[in-house]
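Me: I am new to this structure. Please show it to me, and then take my questions in turn.

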Amino acid sequence: MAETDQKIQEAIVFFEQMLLSMPGDRTSLEFLAVAYEQTGQADKRRDCLIKLAETLLIEKDYDNAQIIAGHLSAFADYPPAQAAVARVFEEVQGQILKSQF
């Protein structure tokens with residue numbers, strides 16, 4: 001178990017460094033969101049999910065952005081998380097309207 005924890009910590013350091021050179025790297029953000037959850041780092045997970053939602057919107061991956069927004073809705077007391085949820089909602093709603101007209 002301790003070896004697994006050490007490997008997770010090493011991977012966290014690696015992916016955090018990746019984000020320094022590639023801030024919107026989806027793979028790094030996805031990994032870190034899971035790793036932070038596994039290691040009990042709720043605030044880092046929340047902030048990572050916010051960045052991941054923004055990245056998914058840039059990539060126009062609206063389905064996964066909605067899934068991430070669902071996770072972020074658990075942080076109702078944190079305005080940046082709620083702002084990210086609102087951005088996803090607005091973007092998805094805008095895409096629905098565009099497809100109808």
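Reply: A contact means heavy atoms within 4.5 Å. This is a predicted model, in which local features need pLDDT of at least 70 and side-chain atom pairs count only at pLDDT 80 or more, while totals for chains, interfaces and linings use all residues. Residues are numbered from 1 along each chain as its sequence is written, and side-chain values use heavy atoms, with hydrogens and water left out.

Me: Of the contacts in the chain with a separation of 6 or more, what percentage is between residues 24 or more positions apart?

Reply: The contacts considered here have a separation of 6 or more. Residues 24 or more positions apart account for a share of 43%.

Me: What pattern does the chain follow along the sequence?

Reply: Helices (H or I, at least four residues) and strands (E, at least two) are DSSP runs, numbered from the N terminus. The chain has five helices and zero strands. Read along the sequence, the pattern is α-α-α-α-α.

Me: Why are the buried residues of α4 on the same side of the helix?

Reply: In α4, the buried residues are Y62, A65, I68, A69 and L72. The arc is that of the directions from the helix axis to the C-beta atoms. The residues are on the same side of α4 because they cover an arc of only 115 degrees.

Me: Is T55 buried or exposed?

Reply: T55 has its place in helix α3. Not counting residues up to four places away in sequence, T55 touches G24, R26 and L29. Its relative accessible area is 8%, so T55 is buried.

Me: What is the relative accessible area of A81?

Reply: A81 is in helix α5 and touches R46, I50, L72 and F75, not counting residues up to four places away in sequence. A81 is buried, and its relative accessible area is 0%.

Me: How far apart are the C-alpha atoms of Q38 and D5?

Reply: Q38 lies in helix α2 and is exposed, with a relative accessible area of 56%. Q38 and D5 are 33 residues apart along the chain, and their C-alpha atoms are separated by 9.4 Å.

Me: Near what value is the phi of K60?

Reply: K60 lies in the loop between α3 and α4 and is exposed, with a relative accessible area of 57%. Most residues other than glycine have a negative phi. K60 is a residue other than glycine with a positive phi, near 60 degrees.

Terms used: Buried < 20%, exposed > 50% of the residue type's maximum accessible area, 1.4 Å probe, protein only.
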